[in-house]
Amino acid sequence: MRDSKLSIVIVILFAIGAIDIASALDSLAHPSAIVTHAEIPQYPALALAGRLSGNVHLRVVVEHGAVATAESDSPSQLQILINEAIENVKTWRFAHDATGSFDVTYAFELRGDEGVVPENPRIEMELPTLVKLVARPVKPTCQDCGPGSFESKPIKR
């Protein structure tokens, strides 16, 4: 009887220790993880001109307070947005002893009428789980546009 009680106590202590180790290894898995530094994300100019929007999902691994890896499972047609999200998340810093992983979504949204020149987007950040960028689409420009601009022109000699 005494051995069975001892075995139960050992199992309970082992389970408690395993939970503590798991939470220490993944200290960033919850929304209360504190980001101590992050650069301002940008809406890529090429994405604005091409009217590209969408959500980019990243799985981020942090070691010693810095982003070690960031990978996306988002569709490849969002590659311009994926590249921007990965570049931005790599600027994030946490407490020096922070180690773990978390998921973050970058939401790139176009709203409003076309602008002639790019404007600063509206940015909302609920770190470390959501970064939302809302921008106006930009009207494509052409320096030589006009009637007949795509016709072949004689070569001047």
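Two strands pair if DSSP finds at least two bridges between them. Helices (H or I, at least four residues) and strands (E, at least two) are themselves DSSP runs, numbered from the N terminus. What you see here is a predicted model, where local features need pLDDT of at least 70, side-chain atom pairs count only at pLDDT 80 or more, and totals for chains, interfaces and linings use all residues. Residues are numbered from 1 along each chain as its sequence is written, and side-chain values use heavy atoms, with hydrogens and water left out.

**View 1. Strand β5 and its partners.**
Start with β5, residues 130-135, which runs parallel to β3 over six bridges. Look for Glu109, which sits opposite Val134 of β5. Strand β4 (residues 122-126) pairs with β5 too, this time in the antiparallel sense and over five bridges. Here Met125 has Val131 as its bridge partner in β5. Follow the chain from β4 to β5 and you pass through a hairpin of three residues.

Rings of Phe, Tyr and Trp (its six-membered ring) pair if their centres lie within 6.5 Å; planes under 30 degrees apart count as stacked, over 60 as edge-to-face and the rest as tilted. Searching the whole structure turns up five such aromatic pairs. One of them is Tyr106 with Phe108, a stacked pair at 6.4 Å centre to centre with 20 degrees between the planes. Ring pairs tie Tyr43, Trp92, Phe94, Phe102, Tyr106 and Phe108 into a cluster. Buried means under 20% relative accessible area, exposed over 50%, and partly exposed in between (1.4 Å probe, protein chains only). Tyr106, at 1% relative accessibility, is therefore buried, and so is Phe108 at 2%.

Find Trp92 in the loop between α3 and β3. Its relative accessibility is 0%, so Trp92 counts as buried. Contact means heavy atoms within 4.5 Å. Beyond its neighbours within four places in sequence, Trp92 is in contact with residues including Val35, His37, Phe102, Tyr106 and Leu127. The C-alpha atoms of Trp92 and Leu127 are 9.9 Å apart, although 35 residues separate the two along the chain. There is also a polar contact (a pair of N or O atoms within 3.5 Å; within protein, one must be able to donate a hydrogen and the other to accept it, and residues adjacent in sequence count only if both atoms are side-chain atoms). This contact joins the side chains of Trp92 and Asn88 at 3.2 Å.

**View 2. Helix α3 and what it packs against.**
Which residues of helix α3 (residues 79-89) are buried? They are Leu81, Ile82, Glu84, Ala85, Ile86, Asn88 and Val89. These buried residues pack against α2 (45-49), β1 (54-63), β2 (66-72) and β3 (100-110).

**View 3. Salt bridges.**
A salt bridge is a side-chain nitrogen of Lys or Arg within 4 Å of a carboxyl oxygen of Asp or Glu. The structure has six of them. In one, Arg59 meets Asp103, with the closest N and O atoms 2.9 Å apart. That pair links distant parts of the chain, with Arg59 in strand β1 and Asp103 in strand β3, 44 residues apart. Arg59 is partly exposed at 37%, as is Asp103 at 36%. Another joins Glu124 to Arg122, with 2.7 Å between the closest N and O atoms. Glu109, Arg111 and Lys132 are linked in a salt-bridge network.
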